[in-house]
Amino acid sequence: MSFAAPHDASTANETAIREGRARARALIREWDLKHAYINGAWQDADSRETLDVIDPARGDVIGAVPFMRTSEARRAIDAAHDAFAGWSRKLAKERAVILRRWRDLLEAHQEDLAALITLEQGKPYDQALREVIGAIAYAEWYGEEAKRAYGQTMPATQRDRRVVVQKHPVGVVAAITPWNFPLTMVVRKCAPALAAGCTVIVKPAEDTPLSALAAAKLAEQAGFPAGVFNVVTGLPQPIAEALTGDERVRMLSFTGSTEVGKRLMAQCAPTMKKLSLELGGNAPFIVMDDADIDAAVAGAMISKFRNSGQTCVCANRIFVQDGVYDAFVSKFIAASKAQTIGNGFVPGTEIGPLINRQAVAKVERLVENARKAGATLVYGAELPGEGHFVRPLVMTDVPHDADCFDEELFAPVAPIYRFSTEAEVIELANRVRTGLSSYLYSRDIGRIQRIADRLETGVVGINDGTTSHEGAPFGGVKESGQGREGGHWGFEEYLEPKYLNYAIG
Ligand SMILES: NC(=O)C1=CN([C@@H]2O[C@H](COP(=O)(O)OP(=O)(O)OC[C@H]3O[C@@H](n4cnc5c(N)ncnc54)[C@H](OP(=O)(O)O)[C@@H]3O)[C@@H](O)[C@H]2O)C=CC1
Ligand SMILES: O=C(O)CCCC(=O)O
């Protein structure tokens, strides 16, 4: 399979692509990113089988990783379980020093890591670099936070008693990560877990295992002891069944689809594991009559098209009030037309490929369904583009019973809906089973607070199309999951309080 991106053809662009790919491939070669990392050793699958990793922009094979199953996952659990006693008993400041080194190594290699992300995931290089900077921020935050696993004392109810609450690490943590942020998702889960004193087993997505292995390479250099940080690559189902079925694994942290999240939740029930689930979103992006329209268009462009529309916080339904509807739609279409699509290594690229063929098939299905239901395809009628590339598409007059009202598009496709009243848009925004992020554009502070209070989402972006912040609690309500990542909320997920009641008689 081989295909060219829409604007790859010029010589200058070909040179940029060749250089970017060479940089990432050199990293894969020099760091030998073809083995999984279990118990401080780089290991192959017991079967010796491997899984090809594909560049979604070109369709060629860029690497191969072990195709592991149950036995290797069990070895990782043994290792993480054995390492737990030593790691959890280290002084918090000793763990902080190692996390700091990990953070510094991520920073020292940020450009190589960004090239690797562009190569295996497809996002434009400047977005990949922002992803690495985000990963560094999480490693830094939780390195600092390691020292702040504060407990509490509280007044006793009897004179001869004392009450103390300590914080203890949960234990062995399994982290199953998605392909849309292949490095940040690993660090965002592992840094707080490791800071708390937990040991971890990461199962990265099949499409993007190389970034997770690169994170493991740097974790090894940072000095995490053997068994503390493990990465098992391969077939999701048997690996996940081994991880969720083993009573020694005490917590599952998962980011991915709601469907798989529910399945994993059920698998964790028999051993009653702690859960942190970041699942699908279906973000409403609301523009009120009094909004600054240019700012709203700029915010919608970022929220909709970042990572080619493949984030769980991407605007999935854009609601625009009657009075500004026509102005918003015409400016949004003009801005969409100006987007540059292509290989992420070409400077100026804003939209890269979708992750794989299934993602293209999913958006084709949702667009066709909307079209048949009466939607007007205003721009981007050539969808799909070549290979995994999908041109930006704006849809208006989309009926509320079209499938894309309920399902995540995960693509650069923007359905715009018209509404009249505040009450109407709140009802529409909340008329879905998920509740991760929402966005609201208005200049009336009372209206902003009124609407934000009633939006059933864990995050609300107000006059802003991005909400990423390592110190803030990121997570959703309803079927978007449970638990929070980021800040001290994300740290507490990996800690259990233990209450000591003293008789001092
Ligand atoms: N919240 C978010 O950030 C994300 C949301 N999504 C949503 O999900 C849709 C589908 O994307 P998709 O990649 O299929 O998402 P999945 O939920 O299938 O994949 C996410 C992770 O779960 C793993 N996984 C898949 N099946 C199982 C299983 N049976 N047991 C255990 N782990 C499993 C995947 O592994 P593997 O890759 O090896 O199959 C990957 O590591 C997207 O269109 C989007 O709507 C997807 C990704 C991220
Ligand atoms: O898609 C996600 O799961 C999280 C988005 C992270 C970000 O906003 O940078």
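So, the largest pocket: 47 residues line it, and Gly-256, Ser-257, Thr-258, Glu-259 and Val-260 are the ones nearest its centre. By pocket I mean, on a 1 Å grid over the protein atoms alone, an open set of points where a 1.4 Å probe fits, with protein on both sides within 12 Å along at least five of seven lines; lining residues have an atom within 4 Å of a point.

Before I go on, this is a predicted model, where local features need pLDDT of at least 70 and side-chain atom pairs count only at pLDDT 80 or more, while totals for chains, interfaces and linings use all residues. Residues are numbered from 1 along each chain as its sequence is written, chains are lettered from A and ligands numbered from 1 in the order in which they are written, and side-chain values use heavy atoms, with hydrogens and water left out.

Okay, back to that pocket. Its volume is about 1,400 Å³, where volume is the space filled by probe spheres set on the grid points, and those points are joined across faces, edges and corners. Which element gives the most to its lining? That's α9, with 7 residues. At least two residues each come from α8 (236-245), β10 (249-255), α9 (258-268) and α12 (357-372). Those labels are DSSP runs, helices being H or I with at least four residues and strands E with at least two, numbered from the N terminus. By class, the lining splits into 17 nonpolar, 15 polar and 15 charged residues. Here Ala, Val, Leu, Ile, Met, Phe, Trp, Tyr, Cys and Pro are nonpolar, Asp, Glu, Lys and Arg are charged, and the others, Gly among them, are polar.

Now its polar contacts, meaning pairs of N or O atoms within 3.5 Å. The side chain of Glu-408 has a polar atom 2.7 Å from an oxygen of ligand 1. Arg-263 has a side-chain N or O atom 3.1 Å from a nitrogen of ligand 1, and for Asn-180 the distance is 3.3 Å, to an oxygen of the ligand. Taken alone, ligand 1 exposes 860 Å², and the protein buries 84% of that, with areas from Shrake-Rupley and a 1.4 Å probe.

Next, the second largest pocket, with about 850 Å³ of space. Its lining has 34 residues, with Arg-130, Phe-181, Arg-306, Thr-466 and Ser-468 nearest the centre. Two or more lining residues come from each of α5 (125-145), α6 (184-196) and α10 (293-305), and α5 has the largest share, 7 residues.

Ligand 2 sits in this one. Around ligand 2 you'll find, among others, Asn-180, Phe-181, Met-185 and Phe-474, and the shell is 5 nonpolar, 3 polar and 1 charged. Arg-306 brings a side-chain N or O atom to 2.9 Å from an oxygen of ligand 2. Ser-468 does that at 2.9 Å too, and a polar side-chain atom of Asn-180 lies 3.4 Å from a ligand 2 oxygen. On its own, ligand 2 exposes 290 Å², of which the protein buries 92%.

How values were computed
Near = heavy atom within 4 Å. Polar contact = N/O pair within 3.5 Å; in protein donor to acceptor, adjacent residues only side chain to side chain. Sits in = over half its atoms within 2 Å of the grid points.
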